[in-house]
Number of protein chains: 2
Amino acid sequence: MTATPDPVYMRFLPAIEDALREHWGSHLDSAPEALRHMVAYHMGWEDNATIRGKRIRPALVLSVVDACGKDWVAAMPAAVAVEWLHNFSLIHDDIQDQSELRHGRETLWKRWGIPQAINTGDTVFTLAFLALANLGKNHPDGVVSQLVSTLSGTCLRLTEGQHLDLLFESQTDVSEMEYLRMIGGKTAALLGCCMKMGAILGHRSVKQQLLLEKFGSELGLAFQIQDDCLGLWGSEIKTGKSTGSDLTTGKKTLPILYAMSTSGPFKSAWQTDHSSPGGIQSLLVLLGETNSYAYAKSLIQKYSDYARIALKEAFRDDPTASQPLEALITQLVDREA
Amino acid sequence: MTATPDPVYMRFLPAIEDALREHWGSHLDSAPEALRHMVAYHMGWEDNATIRGKRIRPALVLSVVDACGKDWVAAMPAAVAVEWLHNFSLIHDDIQDQSELRHGRETLWKRWGIPQAINTGDTVFTLAFLALANLGKNHPDGVVSQLVSTLSGTCLRLTEGQHLDLLFESQTDVSEMEYLRMIGGKTAALLGCCMKMGAILGHRSVKQQLLLEKFGSELGLAFQIQDDCLGLWGSEIKTGKSTGSDLTTGKKTLPILYAMSTSGPFKSAWQTDHSSPGGIQSLLVLLGETNSYAYAKSLIQKYSDYARIALKEAFRDDPTASQPLEALITQLVDREA
């Protein structure tokens with residue numbers, strides 16, 4: 001058995017965590033104490049958190065800047081901005097989905113109530129733009145304006161995706177195209193944004209910026225469908241044997257939608273009962289009889305390939321430099337958690 | 001009887017409304033239809049709205065640019081940005097306060113549920129920053145960066161103020177200083193932001209920008225305390241006779257806090273009952289026996305004076321140009337709705 005190598009972006013993580021804490025400390029130094037604490041609690045910095053977010057998105061920004069041969073340290077405010085944006089969306093998602101736990105601890109709304117949690121999400125959203133405003137110190141002014149445009153365009157895609165996700169909860173039939181539009185906004189847009197920001201700060205041409213954005217958004221689609229698979233087939237993903245943990249929430253993920261559109265018995269069982277233990281058990285059996293797992297895997301492969309092609313094109317003149325980014329595809333998409 | 005003259009900023013309002021709608025239409029043209037509609041509904045553009053927001057804040061931005069002798073049309077994206085920001089805060093406030101009506105119609109959360117309303121607020125928040133990114137076309141890049149820094153700094157103050165406002169609901173004693181800190185963030189910071197943005201786009205020096213920001217924030221304090229008085233003494237404000245409409249909500253506004261700190265009987269009646277008709281009636285009598293109305297009016301006078309001094313200093317070299325802005329003080333603070 002060979003050990004899985006650490007993701008290529010691991011070396012950026014300690015500096016990212018320091019920069020996030022420094023940014024939080026400096027901007028909220030005169031904020032009400034409880035508000036400062038709520039942000040720190042969510043980020044896993046206070047109240048004995050044992051697990052934190054993986055900080056993948058800021059690491060992607062820095063990985064691209066580094067691959068472009070530019071100083072990743074000077075790009076840190078952009079990395080911090082995308083992590084704040086991601087966390088704002090988690091805080092509001094948890095309220096919207098009524099999720100009571102995140103990283104094994106009570107979510108903000110569960111602990112401090114919905115009104116304060118909405119507001120803390122808004123504070124964290126604001127921190128994203130405050131971070132970008134900081135970039136003016138080390139970069140030409142035009143860069144700030146491009147990054148604000150990129151980040152706010154991404155926020156819009158995020159909220160469009162979230163709107164659809166909420167809508168789908170009460171919509172009986174959701175097509176694969178509708179689903180892809182939803183995750184395109186909710187997950188892929190932010191990964192595309194990370195890569196595009198890295199390309200802007202890496203002084204790449206507009207064409208290369210767009211190609212790297214495409215690299216990120218295709219990777220985002222693959223990443224999300226892998227997430228859907230993990231939710232259904234858990235850590236036993238390699239065997240394809242379902243553990244079904246995501247079935248209980250009734251979330252309409254890609255494998256579920258595929259099973260619904262190809263299997264009458266699955267669809268009718270889904271519409272009848274996906275909350276009782278017996279219902280889950282029978283859904284698992286029916287899901288196993290569909291081609292859902294293989295279909296989801298084929299989509300992951302397809303979007304990973306698209307990501308690889310866009311990346312290659314972006315680094316046409318310097319293929320060696322793109323290798324750490326290519327490694328990301330496997331590391332992010334074949335992950336098991 | 002003399003008719004009250006129209007506020008000096010009235011002439012900007014039709015152009016502001018057009019710009020807001022145009023910005024909404026262009027940015028949300030590919031958004032899900034229901035999301036587009038929710039934003040339009042809140043803004044009073046669809047579903048037979050009879051009353052809309054007054055659009056005071058964007059008009060303030062343009063009034064300052066105009067007073068500085070610059071082209072107010074080119075400053076429109078900044079005006080649009082502050083109006084989006086204000087509306088984002090209204091959408092989330094309505095959820096947090098469980099307000100069911102705004103401008104005589106159901107609030108977003110009441111009509112579409114809390115999850116979609118939170119998300120629509122986030123969309124509107126995003127539109128504010130998207131508007132600023134647009135400014136790059138007609139202004140030097142450095143201006144965008146300054147405006148993003150100003151707007152995001154203001155958002156942070158807004159959420160700090162909102163945090164305190166929510167906290168005060170369950171806090172027995174709130175001091176005048178705590179209250180001023182809260183409205184300083186929740187109301188005054190955005191008015192200061194409007195004036196500062198106008199000064200930046202009016203090409204004023206950093207010193208003048210800060211003086212105009214102070215003009216706005218002092219005006220904001222006066223504006224909010226006037227709002228508190230309107231909530232208690234309504235349209236009969238000139239007589240000082242209380243109609244008490246705000247008493248039923250139990251909101252700790254400045255006049256209430258003053259009455260609590262100076263009248264033992266009022267404080268004890270407040271803590272006992274401020275929801276039954278009898279309770280309200282007796283609170284009104286006790287409030288009338290305090291010096292609360294005169295005290296609130298003295299604070300409004302004080303902050304209006306501070307605003308006037310800052311404005312004079314900002315336009316030291318060109319006092320005539322500041323006259324329309326000085327007129328704003330009376331028009332905004334002495335308003336009756």
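Is G231(B) buried or exposed? In this predicted model, local features were considered at pLDDT of at least 70 and side-chain atom pairs only at pLDDT 80 or more, whereas totals for chains, interfaces and linings use all residues. Residues are numbered from 1 along each chain as its sequence is written, chains are lettered from A and ligands numbered from 1 in the order in which they are written, and side-chain values use heavy atoms, with hydrogens and water left out.

G231(B) counts as buried, at 11% relative accessibility. Here buried stands for under 20% relative accessible area, exposed for over 50%, and partly exposed for values in between, computed with a 1.4 Å probe on protein chains only. The residue G231(B) belongs to helix α9 of chain B, residues 206–233. Helices are DSSP runs of H or I with at least four residues, strands are runs of E with at least two, and both are numbered from the N terminus. Between G231(B) and F12(B), which lie 219 residues apart along the chain, the C-alpha separation is 28 Å.

At the interface, 41 residues of chain B are in contact with 41 residues of chain A, contact being defined as heavy atoms within 4.5 Å. Of the interface residues of chain B, 100% are also interface residues in chain A, so the copies meet through the same surface. The area buried between chain B and chain A is about 3,600 Å², with 67% of it on carbon and sulfur atoms; buried area is the accessible area (1.4 Å probe) that two parts lose on being put together, summed over both. Across this interface of chain B and chain A, 12 residue pairs are in polar contact, with both residues at pLDDT 80 or more. A polar contact is a pair of N or O atoms within 3.5 Å; within protein, one atom must be able to donate a hydrogen and the other to accept it, and residues adjacent in sequence count only if both atoms are side-chain atoms. On the side of chain B that touches chain A, at least two residues each come from α2 (33–43), α4 (76–96), α6 (114–134) and α7 (141–168) of chain B. The most are given by α7(B), with 17 residues. By class, the residues on this side of chain B are 21 nonpolar, 16 polar and four charged. Ala, Val, Leu, Ile, Met, Phe, Trp, Tyr, Cys and Pro count as nonpolar, Asp, Glu, Lys and Arg as charged, and the others, Gly among them, as polar.

A salt bridge is a side-chain nitrogen of Lys or Arg within 4 Å of a carboxyl oxygen of Asp or Glu. One of them joins E17(A) to R55(A), with the closest N and O atoms 2.8 Å apart. This pair links distant parts of the chain, 38 residues apart: E17(A) is in helix α1 (residues 13–27) of chain A, and R55(A) is in the loop between α2 (33–43) and α3 (56–67) of chain A. E17(A) is buried at a relative accessible area of 12%, and R55(A) is buried at 4%.

A salt bridge also forms between R111(A) and D47(A), the closest N and O atoms being 2.9 Å apart. Its partners are 64 residues apart, with R111(A) in helix α5 (residues 108–112) and D47(A) in the loop between α2 and α3 of chain A. R111(A) is partly exposed at 39% relative accessibility, as is D47(A) at 33%. In chain B, the side chains of D66(B) and R11(B) meet in a salt bridge at 2.3 Å, N to O. D66(B) is in helix α3 of chain B and R11(B) in the segment before α1 (13–27), 55 residues away. D66(B) is partly exposed, at 27%, whereas R11(B) is exposed, at 51%.
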